[in-house]
Amino acid sequence: DYDVILARDDSDVLTYEIFKQSAGGPPVGTATVDIESPRLTGFIEFSDRRSIEDAEAITSLLLRELDKEKDYDGLHLSLMYKNERVDEIVVDYEQVH
């Protein structure tokens with residue numbers, strides 16, 4: 001139901017636009033992720049509050065896109081609406097030896 005598209009690559013920071021396929025038009029959110037360390041951090045600024053309900057699905061799509069860019073140990077995302085944090089998502093990958 002969503003598309004996550006790389007909009008900008010600033011070396012250590014990636015910016016993705018998030019589009020709802022059925023809505024068309026401008027993005028419903030923008031994800032900014034710092035990829036400098038193996039433990040990625042970032043935030044998604046939602047322009048449509050209803051899309052926050054789909055944050056897990058959107059994060060899954062974002063993880064697929066991040067897999068194309070870098071190997072990483074996990075991701076910590078803050079979910080934002082109107083510059084206020086409304087939730088967080090943490091994804092941890094356990095290393096197998």
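Start by selecting Asp 9, which stands opposite Leu 14 in β2. Before you go on, note that this is a predicted model, where local features need pLDDT of at least 70 and side-chain atom pairs count only at pLDDT 80 or more, while totals for chains, interfaces and linings use all residues. Residues are numbered from 1 along each chain as its sequence is written, and side-chain values use heavy atoms, with hydrogens and water left out.

Select β1 (2-9) and β2 (13-20). Strands here are DSSP runs of E with at least two residues, and helices are runs of H or I with at least four, numbered from the N terminus. β1 and β2 run antiparallel and are joined by seven bridges; two strands pair if DSSP finds at least two bridges between them. Three residues sit between the two strands of this hairpin, and in the turn you'll find Ser 11 with a positive phi of about 70°.

**Stop two: the helix.** Now pick α1, residues 55-67. How far apart are its end C-alpha atoms? They are 18 Å apart, in agreement with the 18 Å that 13 residues should span at 1.5 Å a residue (the expected span is 1.5 Å times one less than the number of residues).

Next, color Ala 55, Ile 58, Thr 59, Leu 62, Leu 63, Glu 65 and Leu 66, the buried residues of α1. Buried means under 20% relative accessible area, exposed over 50%, and partly exposed in between, using a 1.4 Å probe and protein chains only. Look down the axis: the buried residues of α1 fall within an arc of 160°, so they line one face of the helix. That arc is taken from the directions from the helix axis to the C-beta atoms. On the face turned away from the buried side, select the exposed residues Glu 56 and Arg 64.

**Stop three: Thr 59.** Zoom in on Thr 59, buried with a relative accessible area of 3%. Leaving out residues up to four places away in sequence, Thr 59 touches Leu 75, Leu 77, Ile 89 and Val 91; a contact means heavy atoms within 4.5 Å.

**Last stop: Lys 70.** Move to the loop between α1 and β5 (74-81), where Lys 70 lies. Is Lys 70 buried or partly exposed? Lys 70 is partly exposed, at 23% relative accessible area. Its contacts beyond four places in sequence include Ile 35, Pro 38 and Leu 40. Finally, show the backbone oxygen of Ile 35: it lies 2.5 Å from a polar atom of the side chain of Lys 70.

Conventions
A polar contact is a pair of N or O atoms within 3.5 Å; within protein, one must be able to donate a hydrogen and the other to accept it, and residues adjacent in sequence count only if both atoms are side-chain atoms.
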